[in-house]
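Please work through the following exercises on the structure shown below, trying each task before reading its solution.

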Amino acid sequence: MHSSTELTFRKSSYSSTDRDCVEVADLPAGGAAVRDTQHREAGQLTFSKAAEWCAALAVIREA
């Protein structure tokens, strides 16, 4: 598992400017880590493989 200090997070372009902010960091195997900008200390949700990340995005887009 990667610690948040090893990752370079960027704010998602889909985040709002005031409340619903999400940050994403790319992982070496093509996956991603996601965290809440307002609660960084809570850690991140990690998708280790690109296929996991793509599947998560597909579900999120359908919501």
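**Exercise 1.** Decide whether Trp53 is buried or exposed, and describe the aromatic pair that Trp53 forms with Phe47.

*Solution.* Trp53 has a relative accessibility of 16% and therefore counts as buried, where buried means under 20% relative accessible area, exposed over 50% and partly exposed in between, with a 1.4 Å probe and protein chains only. Phe47, at 16% relative accessibility, is buried as well. A search of the whole structure, which is a predicted model, finds one aromatic pair. This pair consists of Phe47 and Trp53, with 5.3 Å centre to centre and 45° between the planes, and is tilted (rings of Phe, Tyr and Trp, its six-membered ring, pair if their centres lie within 6.5 Å; planes under 30 degrees apart are stacked, over 60 edge-to-face, the rest tilted).

Local features need pLDDT of at least 70 and side-chain atom pairs pLDDT 80 or more, whereas totals for chains, interfaces and linings use all residues. Residues are numbered from 1 along each chain as its sequence is written, and side-chain values use heavy atoms, without hydrogens and water.

**Exercise 2.** Find where Arg35 lies and which ring Arg35 lies over.

*Solution.* Arg35 belongs to strand E3, residues 30-36 (strands are DSSP runs of at least two residues, numbered from the N terminus). Five of the seven residues of E3 are buried, so this strand is largely enclosed by the rest of the structure, and Arg35 itself counts as buried at 14% relative accessibility. Finally, Arg35 lies over the face of Phe9, at 3.8 Å from the ring centre (NZ of Lys or CZ of Arg must be within 6 Å of the ring centre and within 35 degrees of the ring normal).

Technical notes. Helix = DSSP H or I, 4+ residues; strand = E, 2+ residues; numbered from the N terminus.
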